[in-house]
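I wanted to keep a record of what I looked up, entry by entry, while reading this structure for the first time.

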Amino acid sequence: MVGRPVPESGEVWDDSGTAGGSGLRAPTLDALGVFVPDEEADNVGIAIEELRPGDLIDVGERQLTVQSAIPAGHKIALVDLAPGDWVFKLGHRIGEATAPIEAGEHVHSHNLGVRRERPAAAEAGRPDVAGGWRPPVAPRRDHFLGYRRPDRRVATRNYIGILPSVNCAATVARLAAAAAGAQIVGLPGCDGVIALTHDLGCAMAEGTPGDELLRRTLRGYAVHPNLAGVIVVALGCEVNQPENFLTGTAAQVAHVSIQELGGTNATVAALVQQVVAMAASLEQLEREPVPLSELTLGLQCGGSDAASAITANPTLGVASDLLVAAGGRVVLGETPEIFGAEQLLRQRAVTPDIARRIDETIAWWLDYAARNGVVLDNNPSTGNREGGITTIWEKSLGAFLKGGSSPLQDVVGYAEPVVKPGLTFMDTPGYDPVSATGMVAGGANVLAFTTGRGSVFGSRPVPSLKISSTTQLYERMSGDIDFDAGSATTRARQLECGAELFDAIVRMASGEPTKSEGLGFGAEEIAPWKLGAVL
C-alpha cells in the first residue's frame, strides 16, 4: 500500500484475512510506519511510504532506525538476520537471508532468495473441512440476470464466435467477424461477433500432451455458454482437424474449410451468411433471474505488488467465499504462483486424494521448470520486484488469498471442465492470458483480475472485472480499472469491500459492461497453453 494511513495512535489493525492472520499495528503520528502483518512471526515489515537512512519507524512498541533507502511497498528488516536465516512475512517463510542483514536495512533481491526447500508439509485432506466452513460475511444476493440455454446452462454474455482450428485460418476468421458484425450491429440480444484466434494448430504431433491441451481448450470454447452460436473455420490440411476436437457435445458445431470453399473471399462470404442467420434467432433472447449457483468465477492476478496481498487479493477472497456460499463455483489457478503457499491450499482439501493432487501438480512443475533450465523463483517479473515482491514464495502467499477461505473441492487439469460447486484449483501457467484461456475453456463465465502495477487485460466471450490494490493506481488508470480495493487495509474493510466487489461481479454477470469491454479488449488475449515441440 502507498500512502500513510490515518488511524488513531496505537490502534490495532485486524488483518486476519491475510495469510498471517494477525493484527497490523498502526504507526504513531510522530514517526513513519511499517505494516507488520503478523507481529508474532514476521521478521520483516512493509514500508508504508518511502524510507530514508536515519528515519525512525514504529515497530510495535519500539522504534527502529532505517539503515538504507527503502521504496514504498518494499520490506525492511525488523531484527538482525544472518545468512541462512528464514525470512517471515504474512506469518510464513518467503525465503532465506543470503547475506548478513542489519535491522532497519532494505530486504530484497540483493539479500533474500529461495535456496532450499521448506520443511515438509503435514498430512492434509479431511472431509470435516467442508462441514465446519462458513463464509466471513452473510450472502445478500441469491440471483443474477443471465441467459438460459436450451441445455439449461447459463450465459453471462451473448456472442457469436468464429473459431479457427489453426492459426492459418485466423485472418479469415477476423475478416468474417468484422464483416458479419457490421451487418448485425445493434441487433437486440447479441453482444457481437468475435474471432477466437490463436497461434497453434499445426506443426505438432498428434496424441501428445500439447495436442490434447489444444483440443481440450478449443472444445471448451466451442461449447461455451457465452457463445450463442459458433462456427469453426479450418484451412483444410492442418494437424488439428475440426473432428479432432469437435467431439462429445461439440459434435454439433458447424465447420467450414477454406481450401474446400475456394479461398478467402468465398469462405468469408459463407461465414457471414451463416452468422447473420444465427443472429436472427438471438433477437428473442432475454435475460432472466437465475441462481448464483450458475456462476463460475475464474480468479486472476497480474502486475502484482506488495499491496496486492494486503488489499486486493484478500478482498477478492471475500467475494469468492460469498459465491461459494451461494452455491457457485470458483476457480483458482496459476500453479507457479501458489508455489510456496501450496501447503495452505492443501490443508483445505476435502480429501487426501485432492491434497495429493496438489503435491503432484507442484512436483510436475518443478520438473518441467528444471527440464527447461529455469526455476519457479524466476516467475516474479520486473514489475513485481519493483513493486516490492522478491521471491515466488512471497508472491504466492499473496496470490493464494484470491481463493478465499472455503474448502478445496477439486483439482483439475488445464481447460478441463469445472463441475463441482465450491473452490476448484486448475493447473495453469502463471501467465495471465494463458491461465484465463484455460479457465474460460473450463467453463468460467465471469473473471475477476487483481493488479497492483496496472493491467489492461480484457477477455471475450467472458467479461473480466479488474481490481486495483491501491487507490493511486485506480485513479491513474481509471479508464481500465473497474474496482478500487485500495482502502481494504483492515479485515473489517476487506469484508466491506469484498461484499461490494461481489455485488460488482454480480452486476457484471447481469450485463453491466466492464472497462475492458468498452475498450474492445478480448480478441487478442486468447492464448492456449503451448506445450511441447513445434515441428
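**Entry 1, ground rules.** I am reading a predicted model, in which local features need pLDDT of at least 70 and side-chain atom pairs count only at pLDDT 80 or more, while totals for chains, interfaces and linings use all residues. Residues are numbered from 1 along each chain as its sequence is written, and side-chain values use heavy atoms, with hydrogens and water left out. The helices (H or I, at least four residues) and strands (E, at least two) are DSSP runs, numbered from the N terminus.

**Entry 2, a four-stranded sheet.** I looked up the strand order and found that 4 strands form an open sheet, β15-β14-β16-β17, with parallel pairing; two strands pair if DSSP finds at least two bridges between them. The edge strands, β15 and β17 (254-257), each pair on one side only. From one strand to the next the twist averages 20 degrees, where axes are lines fitted to C-alpha atoms, for helices over the stretch in contact, and angles run from 0 to 180 degrees between N-to-C directions. Helix α6 packs on this sheet, touching β14, β15, β16 and β17, and its direction makes about 165 degrees with that of β16; contact here means heavy atoms within 4.5 Å.

How many bridges join β14 to β15, and how many join β14 to β16? I find 4 to β15 and 6 to β16. I then checked burial (buried is under 20% relative accessible area, exposed over 50%, partly exposed in between, with a 1.4 Å probe and protein chains only). Because 6 of the 6 residues of β14 are buried, the strand is largely enclosed by the rest of the structure. Both of its faces are covered, with Tyr-159, Gly-161 and Leu-163 on one side and Ile-160, Ile-162 and Pro-164 on the other.

Together, β14, α2 and β15 make a right-handed β-α-β unit, meaning that, with the strands pointing away from the viewer, the path from the first strand over the helix to the second runs clockwise. Which residues of α2 are buried? They are Ala-170, Val-172, Ala-173, Ala-176, Ala-177, Ala-180 and Ile-184. These residues cover an arc of only 150 degrees around the axis, which puts them on the same side of α2; the arc is that of the directions from the helix axis to the C-beta atoms. On the other side of α2, Ala-178 and Ala-182 are exposed. The buried residues pack against β14 (159-164), β15 (192-195), β16 (227-234), α5 (258-261) and α6 (264-280). Just after α2, Gly-186 takes a positive phi of about 85 degrees.

In another open sheet, 7 strands follow the order β21-β22-β20-β19-β23-β24-β25, and the pairing is parallel. Its edge strands are β21 (408-412) and β25 (483-484), each of which pairs on one side only. Between β19 (residues 296-301) and β23 (residues 446-451) I find 5 bridges, and in this pairing Gln-300 stands opposite Phe-449.

Helix α7 (residues 312-325) lies across strands including β19, β20 (329-332) and β23, running at about 170 degrees to β19. Is α7 mostly covered or exposed? It is mostly covered, since 13 of its 14 residues are buried. Helix α14 (residues 491-509) lies across β19, β23, β24 and β25, running at about 155 degrees to β24. After α7 comes Gly-327, whose phi is positive, near 95 degrees.
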